[in-house]
Amino acid sequence: MKKLITTFSLVAGLFLASNLVNAQQKIGHVNSDDVFNNLPEAKTAEASLDTFTKTKQTEIEKLITTYQTKLKAAQDKEKTISEANKEAVIKELTAAQTELQTLGKDIEAARTKAAQDVSKKQSELFTPIQQKVATTISAVAKEKGLAYVFDVSTSQGNNNIAYMDGGEDITPAVKSKLGATTAKK
């Protein structure tokens with residue numbers, strides 16, 4: 001009887017141990033920055049955003065140049081003031097001051113609008129790519145039977161891992177599945 005209980009305990013222990021081994025969840029990690037930075041469509045989007053940003057900056061610079069030109073003209077006009085033309089020059093300077101104030105407001109409005117436009121364009125260009133990367137990370141994790149995947153990229157500020165020894169790095173698989181290039185180190 002004692003032998004039967006010992007055998008039963010041994011079998012139950014082995015059964016529980018095998019269940020614990022099977023219940024262990026696999027963990028992997030990915031560097032989404034590495035994936036993202038090597039995607040051709042991300043590079044194209046970045047170039048498009050840069051061009052768009054430069055266009056907006058050029059528009060603002062034109063307004064600033066106009067402002068500076070009119071300010072210089074007003075300052076030069078102010079130097080020509082004399083008793084004979086005082087009234088006419090003061091009228092011109094007052095009109096110039098009003099125009100400069102309006103231009104200053106236009107410049108600030110243009111800067112605000114440009115920042116909003118650039119942010120909107122960035123979202124339009126990069127959100128679909130980010131969703132594609134996230135979907136692919138999920139697909140690769142499922143294929144590999146991973147329960148958790150930590151993103152170890154540092155630019156996102158979400159790297160909460162202080163120590164990592166092992167785990168499966170799925171970055172190459174995600175990059176391969178997306179057709180991303182491999183960065184040379």
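Guide: A salt bridge is a side-chain nitrogen of Lys or Arg within 4 Å of a carboxyl oxygen of Asp or Glu. In this predicted model, Lys56, Glu59, Lys113 and Asp117 are linked in a network of such salt bridges.

Visitor: How many salt bridges does the structure hold?
Guide: The structure holds ten.

Visitor: What makes Glu41 and Lys132 a salt bridge?
Guide: The closest N and O atoms of Glu41 and Lys132 are 2.8 Å apart. The cut-off is 4 Å, so the pair qualifies.

Visitor: Which parts of the chain does the pair of Glu41 and Lys132 tie together?
Guide: Glu41 belongs to helix α3 (residues 40-79) and Lys132 to helix α4 (residues 86-143), so the pair ties together parts 91 residues apart in sequence.

Visitor: Why is Glu41 called partly exposed?
Guide: Its relative accessible area is 25%. Buried means under 20% and exposed over 50%, so Glu41 falls in between. Lys132, at 38%, also counts as partly exposed.

Visitor: How do you know that Lys70 and Glu99 meet in a salt bridge?
Guide: The N to O distance between Lys70 and Glu99 is 2.3 Å, and the definition asks for a distance within 4 Å, so they form one. Lys70 is in helix α3 and Glu99 in helix α4, 29 residues apart. Lys70 has a relative accessible area of 31% and is partly exposed; Glu99 is partly exposed at 36%.

Visitor: What separates Asp76 and Lys72 in helix α3?
Guide: About one helical turn, because the two are four residues apart in helix α3. Asp76 and Lys72 form a salt bridge, with their closest N and O atoms 3.2 Å apart.

Visitor: Why is the pair of Phe36 and Phe126 called tilted?
Guide: One aromatic pair is found in the whole structure. It consists of Phe36 and Phe126, with 5.8 Å from centre to centre and 40° between the planes. Ring centres must lie within 6.5 Å, so the two rings pair. Planes under 30 degrees apart count as stacked and over 60 as edge-to-face, so 40° leaves tilted. Phe36 is in helix α2 and Phe126 in helix α4, so the pair ties together parts 90 residues apart in sequence.

Visitor: Why is Phe126 called buried?
Guide: Its relative accessible area is 7%, and the limit for buried is under 20%, so Phe126 is buried. Phe36 has 16% relative accessibility and also counts as buried.

Visitor: Which residues touch the most other members of the largest nonpolar core?
Guide: Leu39, Ile129, Val133, Ile170 and Val174, out of 19 residues in that core. Helices α2 (32-37), α3, α4 and α5 (171-178) each supply at least two residues of this core, and α4 gives the most, with seven. Leaving aside residues up to four places away in sequence, Val133 touches Val35, Phe36, Leu39 and Leu178.

Visitor: How do you know that strand β1 pairs with β2?
Guide: Five bridges join β1 (residues 26-30) to β2. Pairing needs at least two, so the strands pair. The two run parallel, and Val30 has Asp151 in β2 as its bridge partner.

Visitor: What makes β2 and β3 the edges of the sheet?
Guide: The open sheet has three strands in the order β2-β1-β3, with parallel pairing. β2 (146-151) and β3 (168-169) each have a single partner strand, so one side of each is left without a neighbour in the sheet.

How values were computed:
Residues are numbered from 1 along each chain as its sequence is written. This is a predicted model: local features need pLDDT of at least 70, side-chain atom pairs count only at pLDDT 80 or more; totals for chains, interfaces and linings use all residues. Side-chain values use heavy atoms; hydrogens and water are left out. Buried means under 20% relative accessible area, exposed over 50%, partly exposed in between (1.4 Å probe, protein chains only). A nonpolar core is a set of buried Ala, Val, Leu, Ile, Met, Phe, Trp, Tyr and Cys residues joined through side-chain atoms within 4.5 Å. Contact means heavy atoms within 4.5 Å. Rings of Phe, Tyr and Trp (its six-membered ring) pair if their centres lie within 6.5 Å; planes under 30 degrees apart count as stacked, over 60 as edge-to-face and the rest as tilted.
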